[in-house]
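Please read this briefing with the sequence and the structure side by side, moving from one topic to the next.

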Amino acid sequence: MSLRTLFTKKALTRASGLGPLAAAAGDRGLGLGLGQARGLTAASLPDLPYDYGALEPAISGEIMRLHHQRHHQAYVTNYNNALEQLEAAVAKGDAPAVVRLQGAIKFNGGGHINHSIFWNNLKPVKEGGGEPPHSALGWAIDTDFGSLEALVQKMNAEGAALQGSGWVWLALDKGSKKLSVETTANQDPLVTKGLHMVPLLGIDVWEHAYYLQYKNVRPDYLKNIWDVINWKYASEVYEKETA
Ligand SMILES: [Fe+2]
């Protein structure tokens with residue numbers, strides 16, 4: 001099997017955990033940012049669905065610009081470079097090189113997947129950011145956590161307690177249809193916890209996501225980010241995956 005076949009859009013869509021919604025909407029619609037480059041199916045930086053300053057005061061425009069243009073772009077660039085090296089290593093039958101590249105692919109590919117989800121998890125207040133989920137997801141949150149407030153408290157506590165860098169997730173288990181709060185280290189995407197785990201909401205707790213505005217006070221960032229959470233997106237993914 002060629003690498004072109006291995007790294008198809010379908011495969012990466014599945015790896016992102018976005019599942020059929022992404023497939024139905026197309027990668028551009030959900031910001032997965034895949035495109036053809038140099039003969040490989042390469043990743044590309046997706047556009048943000050809002051202006052850099054549109055999430056203020058919860059997240060500053062300066063943070064959003066750097067986060068998107070520098071950090072996410074670096075994951076995309078490094079992931080594509082690693083894929084190119086992988087293709088060469090496979091073509092040469094260089095097994096040590098193939099194995100050596102797995103870390104870079106996981107870290108940078110994970111960074112691309114996670115940030116592509118994260119941008120869609122945010123929404124300006126004037127466009128409905130922070131409006132609580134209604135209908136099916138709202139009921140499921142009440143059932144599995146007691147209330148939305150209890151879920152927020154749990155995610156904030158687990159996000160604040162996460163050592164070093166990583167992500168805190170509201171996850172859906174496609175098998176049991178249960179919601180849970182999960183954390184992953186570094187840039188590990190939620191799918192590393194199982195193909196059945198679907199990310200409804202992921203919050204980036206790397207310092208680069210908040211330090212310029214909140215310094216070392218991660219709990220304040222976590223407290224304020226709920227003002228710009230896009231529950232409509234989470235609800236759409238939930239309804240698609242539980243249909
Ligand atoms: Fe980030």
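Predicted model: local features only at pLDDT ≥ 70, side-chain atom pairs only at ≥ 80, totals over all residues.

Strand 3, which spans residues 166-173, pairs with strand 5 in the antiparallel sense over seven bridges. Leaving aside its neighbours within four places in sequence, Ala171 is in contact with several residues, among them Leu179, Leu190, Pro199 and Leu200.

- Three strands form an open sheet in the order 4-3-5, and their pairing is antiparallel.
- Strand 4 (179-185) and strand 5 each have a single partner strand and stand at the edges, so one side of each is left without a neighbour in the sheet.
- From one strand to the next, the twist averages 30 degrees.
- Strand 3 and strand 4 are also joined over seven bridges in the antiparallel sense, and within this pairing Leu172 has Leu179 in strand 4 as its bridge partner.
- Helix 11 packs on the sheet, where it touches strand 3 and strand 5, and its direction makes about 165 degrees with that of strand 5.
- Strand 5 is mostly covered, since eight of its eight residues are buried.

**The nonpolar cores**

- In soluble globular proteins, nonpolar side chains tend to be buried together.
- The largest nonpolar core holds 38 residues, of which Ala171, Leu200, Ile203 and Ala234 touch the most other members.
- Elements that give two or more residues to this core include helix 4 (61-92), helix 6 (102-120), strand 5 (197-204) and helix 11 (231-242).
- Strand 3 gives the most to this core, with six residues.
- Because domain 1 (3-123) and domain 2 (127-242) both give residues to this core, it lies between them.
- There is also a second, separate core of eight residues, which includes Val76, Tyr79, Leu83 and Leu101.

**A residue in helix 8**

- Gln153 has its place in helix 8, which covers residues 148-161.
- Is Gln153 buried or partly exposed? A residue needs 20 or more C-beta neighbours within 10 Å to count as buried, and 12 or fewer to count as exposed; with 13 such neighbours inside 10 Å, Gln153 therefore counts as partly exposed.
- Although Gln153 and Lys223 are 70 residues apart in sequence, they are 9.0 Å apart in space, taken from C-alpha to C-alpha.

Key
Residues numbered from 1 in each chain as written. Helix = DSSP H or I, 4+ residues; strand = E, 2+ residues; numbered from the N terminus. Core = buried A, V, L, I, M, F, W, Y, C linked by C-beta atoms within 7 Å. Domains from an automatic or database assignment. Contact = placed C-beta atoms within 7 Å. Pairing = 2+ DSSP bridges. Axes fitted to C-alpha atoms, helices over the stretch in contact; angles between N-to-C directions.
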